[in-house]
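Trainee: Hi! I've got this one open on my screen. Please walk me through it.

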Amino acid sequence: MHRTPHSSPHLRVMSVLGLLAALLLSLGMTFAPGAPAAPTADPVRVMPLGDSITGSPGCWRAVLWNRLVGSGYKDIDFVGTLPPQGCGQAHDGDNEGHGGELVTNVADQNLLPGRLASTRPDIVVMHFGTNDVWSGIAPDRILAAYTKLVAQMRASDPDTRILVAQLIPMNPSSCAGCAQRVVDFNARIPGWARATGTDRSPVTVVDQWTGFSTAADTYDGVHPDASGDDKIAARWFPALSAVLDAGVPQDPGDPGDPGEDPAACTARFRAVSSWQGGYQGEVTVTNTSASAVRDWTATVVPANGARLTQLWNGSLTTAADGTATVRNAAWNGALAPGASATFGYVATAPATAGTPAATVTCTGTTPAV
């Protein structure tokens, strides 16, 4: 990620080069055509993810955007399926802050994959769970939802960088227990992040709780006022700028994982058979790119409380919430353009689960040229 320089030494260099060019031309020398300009890097896509604190209107996003721009950051793009919602200052207002949403509902209803497919974020900035805490949902269940969302982010992009907030304080007049519930939930987030983060897709905890006052920084005990927006943006800024400074893999000019280039693939689920308490499923991974795939990874999110218990033709890792990550076996990872590989599994399911179903996605890599 690049910043706009705060001084302009290159202008002096250009002046010297201009004088040199004039001298050479006066001597009858000409310049050969220069090499084509290097391709412009795609903007780094940042998704603000959450509920009304993020999106209705979530004016901390405007403050954060303008602080980034004012600090010299360029080639950034805030993304989301929701448009700007005011805030009275120019900014990139696209976001994924849905007022009233519970993170547990987003996870249970698999709402995030479609939003990810539409926006393809490189970095997710997430303040999510206020409505769940207000509703008295247990921290274990909220964190399981976090885990599922992270798995879905990585299914969309294995290199996703994730910033997760410890929630701002909450003290609405209608919920006497909410203030302590936020404290209790926030205490669990660092341990969850340590267990969930990876070298390739780190999870960074951003403390939005400390120093934030519901009396001074909200207008209703929950939603930030202008002072609160400033404080939230100030906490996000150093964490986000650190990620931008480090660079996002697969941006032009940034170092990626050696030998790994992205390839397009699709995954298709089929129920082979079912019985009371379980079913047999099958997933077909197809290389839809124009290049050969060296290996692939599929994510299976079984519906209605089902969990994968056995798997063949691949290796299985299962998250606490039941989301399964399947990597190819040693012998079926290489796929020519248009070729497919299939793995099968057995899943247990509650007696009331109904027709077997699962959300499946995949990623593939090609050998570096």
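This is a predicted model: local features need pLDDT of at least 70, side-chain atom pairs count only at pLDDT 80 or more; totals for chains, interfaces and linings use all residues.

Mentor: Happy to. Residues are numbered from 1 along each chain as its sequence is written, and side-chain values use heavy atoms, leaving out hydrogens and water.

Trainee: Got it. How many residues are there, and what share counts as buried?

Mentor: The protein has 369 residues, and 47% of them count as buried. Its secondary structure comes to 10 helices and 15 strands, which are DSSP runs numbered from the N terminus (helices H or I, at least four residues; strands E, at least two).

Trainee: How many salt bridges turn up?

Mentor: The search of the whole structure gives 10, each being a side-chain nitrogen of Lys or Arg within 4 Å of a carboxyl oxygen of Asp or Glu. In one of them, Asp140 and Arg188 come together with N and O 2.5 Å apart. That pair links distant parts of the chain, with Asp140 in helix H7 (residues 139-156) and Arg188 in helix H8 (residues 178-196), 48 residues apart.

Trainee: Is Arg188 buried, exposed or partly exposed?

Mentor: Arg188 is partly exposed, as its relative accessible area is 36%.

Trainee: And what does Arg115 pair with?

Mentor: Arg115 bridges to Glu101, with 2.9 Å between the closest N and O atoms. Arg115 sits in helix H5 (residues 112-119), while Glu101 is 14 residues away in the loop between strand S3 (96-97) and helix H4 (103-108).

Trainee: Switching topic: at what angle do H5 and H7 pack?

Mentor: About 35°, with the axes 10 Å apart. The axes are lines fitted to C-alpha atoms, for helices over the stretch in contact, and angles run from 0 to 180 degrees between N-to-C directions.

Trainee: Which residues meet there?

Mentor: From H5, Leu112, Pro113 and Leu116; from H7, Leu149, Gln152, Met153 and Ser156. Contact here means heavy atoms within 4.5 Å.

Trainee: Which residues touch the most other members of the largest nonpolar core?

Mentor: Tyr146 and Leu149, in a core of 60 residues. Helix H10 (residues 226-246) gives the most to this core, eight residues. A nonpolar core is a set of buried Ala, Val, Leu, Ile, Met, Phe, Trp, Tyr and Cys residues joined through side-chain atoms within 4.5 Å. Beyond its neighbours within four places in sequence, Tyr146 is in contact with Val103, Met126, Phe128, Val164, Leu167, Phe185 and Trp192. Another core lies apart from that one and has 24 residues, including Ala267, Val285, Leu308 and Leu311.

Trainee: Last one: which residues of H3 are buried?

Mentor: In helix H3 (residues 60-70), they are Trp60, Arg61, Ala62, Leu64, Trp65 and Leu68. Their cover includes strand S1 (44-50), helix H2 (52-55), strand S2 (76-78), strand S4 (123-127) and H10. Have a look at Gly72 too, which has a positive phi of about 100° just after H3.

Technical notes: Buried means under 20% relative accessible area, exposed over 50%, partly exposed in between (1.4 Å probe, protein chains only).
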